Amino acid sequence: MSDIPWPAPPSGICTVPPSLEVEVAILGAGIHGAALARELTLRGVSCALVDRGAVGGGTSQWSSQLLHGGIRYLLTGDIRQMREGLVERATWARIAPHRCRWEAFWMPHRFGVEGLAHRFGIGLYDHWGAERPGWPQGLELGQVPRTAFRADPRSAGGPFRGATAYADLITWDRALTRDLAASSRAVPLDFHEPEHFEEGQEGLKALTLTDRRDGTRRRLSARRWVFALGPWTDGAMSTWFGETRKRLRLSSGIHLWFDPVPGCASPWAIRRPGGRILFIIPRDGLLQVGTTEREVEEGWVPIATGEREELLGALEANLPAIPWRQLPIRGEEVGVRPLLSAGGATARLSRGAMLQRHDRLPNLTLVLGGKLTTARLLMAQLATELTGLPCEASVTEPLSLWDGHPAQIR
Ligand SMILES: Cc1cc2nc3c(=O)[nH]c(=O)nc-3n(C[C@H](O)[C@H](O)[C@H](O)COP(=O)(O)OP(=O)(O)OC[C@H]3O[C@@H](n4cnc5c(N)ncnc54)[C@H](O)[C@@H]3O)c2cc1C
């Protein structure tokens, strides 16, 4: 696996007994693993949530933090995925109102025909996404008034003549993941290193783990196993079972966090070549800008100079009135998207997900690909499949707040 060291564990002790048995063992406590833990708890089924690091300490803390239908799918034509995301967006607004905020995103256009096309596409997007629980009064959608557009410093001296506003939901990804875990009664085994699997006739039987805090060994047995290891899936399957098969393609994306720019009050989503979107989102007292797309081999990668340069270049080309290179960068982060393996550029690859039953170990399911937005839905399907128990409360039961505080500034 990667040479970049896994984040160090915190001090403190884990009180979980040295040997335990659960119905379902979940490896990987990102949004998928945490959502599955909640689904199993809602069905009254025992589980353990294992992670080598912290809950929500992987890709699920480096996303663009949007719970969305995916406005870019209007361009790629993936309408099914878009409509699924729009339904899920409303579910998140219902079950996690304290971790979500509705926003009117401005999509600027360069000339009249493009503006007309945006209004048509965005009209459909907002029509299909008309279910918006908690939508704040006064947040306007549709054509942005010319005076409001001109008053935004991003419109000055650039290629854009106007904008159309569409609805989407922003979130706090790591806090949302932790809320999902806190809404479960999963046995918490964070900062535990999986060491050795025991196999039986049914497939996987038990796993020996080392607590990275103090070296304590624990043995976890389960009837069913789910690996939700995000971009580390292929590396782990190779280390643990000697598998060479690649199930995923990995693509890194970076975000830069600038000081706020006066007058930049609405989030912007600018269409870029290759089906990509450049986001400029005022949030948490800063301006979040992203994202890029670079195919990589590992779940941990450093930011490449070219990536930072590409983002700054795109900002300068599209929003030239703002002196981007003179603004201090307050934070930068890189995340690695796990994408379903297929040919072609990663920017064009589906952000969809699949559940894969392991061919040699029949009680093991792998979660591959996916998004924050659809993680609850996919894990509800998996929990129903594993237990035979559907659960309507999944779409209505509010999440607990892991820290007792709504929203989070980072
Ligand atoms: C730049 C970027 C922007 C994105 N923007 C959005 C967005 O706006 N909206 C959206 O819906 N989606 C977005 N995504 C996608 C989304 O973030 C991911 O699909 C999602 O977070 C993946 O969650 P996961 O649970 O599958 O993986 P992860 O969150 O990576 O969880 C996997 C977990 O497995 C653990 N692990 C790894 N190896 C081991 C091991 N050997 N033993 C034990 N544990 C292990 C890791 O520590 C980690 O916690 C974005 C992704 C990126 C990279």
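**A walk around the ligand shell and the strands**

Hi everyone, let me start at one residue: Gly-388 counts as exposed because its relative accessibility is 57%, where exposed means over 50% relative accessible area, buried means under 20% and partly exposed is in between, using a 1.4 Å probe and protein chains only. Gly-388 sits in the segment after helix H9; helices here are DSSP runs of H or I with at least four residues, strands are E runs of at least two, and both are numbered from the N terminus. Between the C-alpha atoms of Gly-388 and Ala-321 there are 58 Å, with 67 residues separating the two along the chain.

A word on what you are looking at. This is a predicted model, in which local features need pLDDT of at least 70 and side-chain atom pairs count only at pLDDT 80 or more, while totals for chains, interfaces and linings use all residues. Residues are numbered from 1 along each chain as its sequence is written, and side-chain values use heavy atoms, with hydrogens and water left out.

Now to the ligand. Which residues come nearest to the ligand? Of the 34 residues around it, they are Asp-51, Ser-60, Leu-66, Gly-370 and Thr-373; a residue is near a molecule or strand if one of its heavy atoms lies within 4 Å of it. By type, the shell holds 13 nonpolar, 17 polar and four charged residues.

Arg-52 has a polar backbone atom 3.1 Å from a nitrogen atom of the ligand. Thr-59 brings a polar side-chain atom to 2.9 Å from a ligand oxygen atom. From Ser-64, a backbone N or O atom lies 2.9 Å from a nitrogen atom of the ligand. As for cover, the ligand on its own has 1,000 Å² of accessible area, and the protein covers 97% of that; these areas come from the Shrake-Rupley method with a 1.4 Å probe, and for residues only the protein chains shown count as cover.

Where does the shell come from? The elements giving two or more residues to the shell are helix H1 (31-42), strand E11 (248-258), strand E16 (329-340) and helix H9 (372-387). E16 gives the largest share, three residues. Domain 1 (19-60 + 175-245 + 349-395) and domain 2 (100-170 + 249-344) each supply at least three shell residues, with domain bounds taken from an automatic or database domain assignment.

Next, some strands. Two strands pair if DSSP finds at least two bridges between them. A hairpin of two residues links E8 to E9, and Phe-197 stands opposite Leu-207 in E9.

At E8 we also find His-192. Is His-192 buried or exposed? His-192 is buried, because its relative accessible area is 0%. The His-192 side chain reaches the backbone oxygen of Asp-190 at 2.8 Å. In the loop between strand E7 (187-189) and E8 is Phe-191, whose phi is positive, about 55 degrees, although Phe-191 is not a glycine.

Strand E18 (residues 364-369) is mostly covered, with six of its six residues buried. E18 pairs with strand E10 (residues 217-227) in the parallel sense over three bridges, where Val-226 has Thr-365 as its bridge partner. Six residues lie between E17 and E18 in the hairpin they form.

Two backbone details to finish. Gly-290 and Thr-291 are joined by a cis peptide bond with omega about 5 degrees, and Thr-291 is in the loop between strand E14 (286-290) and strand E15 (294-296). Gln-65, in the loop between strand E2 (47-50) and strand E3 (66-67), has a positive phi near 65 degrees. Gln-65 counts as buried because its relative accessible area is 1%.

Notes
Polar contact = N/O pair within 3.5 Å; in protein donor to acceptor, adjacent residues only side chain to side chain. Nonpolar A, V, L, I, M, F, W, Y, C, P; charged D, E, K, R; others polar.
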